[in-house]
Amino acid sequence: MDLGKVTLMGDAAHPMYPIGSNGASSGDTGRPRHHPREILAHGPTSTALAAYEAERRPATTDLVMLNRRNGPEQVMQMVEERAPDGFKIVHDVLSLKELEDIAANYKRVAGFQVEGLNAKPPIVVMPAPSQLSSAGVSLVPRTQRSA
């Protein structure tokens with residue numbers, strides 16, 4: 001069966017070693033929400049897939065490359081290198097600033113910055129109710145509609 005052009009999203013789309021919660025982060029990095037926007041803009045065409053890929057590939061590449069450097073687990077590698085004979089307190093080996101910087105960078109690359117995500121405008125804008133009703137679509141549940 002020829003499926004034509006396809007795109008992978010979410011867990012299916014990440015070619016990464018499973019560290020740094022990247023199964024979860026890839027679902028967000030793959031941004032399945034962006035795909036409907038491109039379909040609305042270009043129709044269900046290869047142009048929509050190409051636009052989606054052009055937008056998402058750089059972010060996905062950044063996450064793959066970060067995870068190849070151990071992602072957030074780089075903390076364990078750094079501690080092992082700096083304290084091969086052990087340690088009592090992790091802050092004797094890594095400063096709080098180093099730990100915070102590693103976490104902040106991973107959050108940025110993986111798309112885990114809650115405030116930043118919440119501040120962004122919607123990806124797919126809902127049509128005005130008047131546009132929906134003229135298209136025969138109602139936002140009122142059937143059980144609440146008058147006969």
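Let's start with a helix pair. Helix α4 (residues 74-82) packs against helix α5 (residues 96-110) at an angle of about 150°, and their axes are 10 Å apart. Axes here are lines fitted to C-alpha atoms, for helices over the stretch in contact, and angles run from 0 to 180 degrees between N-to-C directions. α4 and α5 are therefore roughly antiparallel; that label applies over 145 degrees, with roughly parallel under 35, roughly perpendicular from 65 to 115, and oblique for the rest. On the α4 side, the contact uses Gln74, Val75, Met78 and Arg82; on the α5 side, Glu98, Leu99 and Ile102. Contact means heavy atoms within 4.5 Å.

A word on the model. It is predicted: local features need pLDDT of at least 70, side-chain atom pairs count only at pLDDT 80 or more, and totals for chains, interfaces and linings use all residues. Residues are numbered from 1 along each chain as its sequence is written, and side-chain values use heavy atoms, leaving out hydrogens and water.

Now the overall picture. The protein has seven helices and zero strands. Both are DSSP runs, numbered from the N terminus: helices are H or I with at least four residues, strands E with at least two. Of the 147 residues, 26% are buried, meaning under 20% relative accessible area with a 1.4 Å probe, protein chains only; exposed is over 50%, partly exposed in between. Take contacts between residues at least 6 apart in sequence: 58% join residues at least 24 apart.

Next, α3. After α3 comes Asn70, with a positive phi near 80°.

What does α3 pack on? Helix α2 (residues 34-42), at about 140°, with axes 8 Å apart. α2 and α3 are therefore oblique to each other. From α2, the residues meeting α3 include His35, Ile39 and His42; their partners in α3 include Ala48, Tyr52 and Arg56.

Last, His35, in α2. His35 is buried, at 13% relative accessible area. Its C-alpha atom is 9.4 Å from that of Thr7, 28 residues away along the chain.
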